[in-house]
Amino acid sequence: MTYDILTALLLFAFVSSITPGPNNLMLMASGANFGFARTIPHMLGVGIGFVVMVALVGVGLMQVFDRYPIAHTVLAVASVTYLLWLAWKVANAGAPDEGEGTGGTPMTFLQAAAFQWVNPKAWTMALTAVTLYAPDRSLTAVLLVSAAFGAVNLPCVSSWTVLGQQMRRLLTSPARLTAFNWTMAGLLVLSLYPVVAPMVSAG
């Protein structure tokens, strides 16, 4: 991989990781509701889980989509269903000091890592990265793409947690926190548009 291609890969990894998406919106909501420290497992799950996902997509999972186009539809339906459920959890998250309620605890490491497999943006990022920067799907190229995201993704997604944590200063009343959570839930639902729109038009 040449220097120019590596630079382009790092830029792609940065832009795709820093822009809004389900991971970043949920991390921002978690930072606001639970603070930075309690969201660390969630952040690590996103960062490490996505790197593993890119590697597995590169070494063979892309062939599943090539051979079985129905897999795209199955993935889309699963993603929409799960994200709608997560949006409901975010909308009904309790205040940070509440021990009960729908959103009483932040997402765990394993939950965040597993979420990457039903995250439409994560799939788009992984498939695009492997297609553009590891077209031969050699192990070396795939591992390099994965390493690039490993270096860039975690700092990017962590910045959204910091942003959410800073917003806690404004969310000093239950009404403000509820409004914030419902806004985040609404944005999470809107992030499904690129997935739902093709399904509707095809139908």
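## Helix packing and cores

Ala 55 lies in helix H3, where helices are DSSP runs (H or I, at least four residues) numbered from the N terminus. The model is predicted: local features need pLDDT of at least 70 and side-chain atom pairs pLDDT 80 or more, while totals for chains, interfaces and linings use all residues. Residues are numbered from 1 along each chain as its sequence is written, and side-chain values use heavy atoms, without hydrogens and water.

Ala 55 is buried, with a relative accessible area of 19%; buried means under 20%, with a 1.4 Å probe and protein chains only.

| Residue | In contact with |
|---|---|
| Ala 55 | Val 142, Ser 146 |
| Leu 83 | Pro 22, Phe 115, Val 118, Pro 120, Leu 188, Leu 192 |

A nonpolar core is a set of buried Ala, Val, Leu, Ile, Met, Phe, Trp, Tyr and Cys residues joined through side-chain atoms within 4.5 Å. The largest has 27 residues, of which Met 26, Leu 83, Leu 86, Phe 115, Phe 180, Met 184 and Leu 188 touch the most other members. At least two residues of this core come from each of H2, H3, H4 (70-91), H5 (109-115), H7 (139-167) and H8 (174-190). A second, separate core of 25 residues includes Ala 13, Ala 71, Ala 126 and Val 152.

The axes of H2 (residues 22-34) and H3 (residues 36-67) come within 8 Å and cross at roughly 165°; axes are lines fitted to C-alpha atoms over the stretch in contact, with angles from 0 to 180 degrees between N-to-C directions. H2 is therefore roughly antiparallel to H3, a term for angles over 145 degrees.

Notes
Parallel < 35°, antiparallel > 145°, perpendicular 65-115°, else oblique. Buried < 20%, exposed > 50% of the residue type's maximum accessible area, 1.4 Å probe, protein only. Contact = heavy atoms within 4.5 Å. Lists of a residue's contacts leave out its neighbours within four places in sequence.
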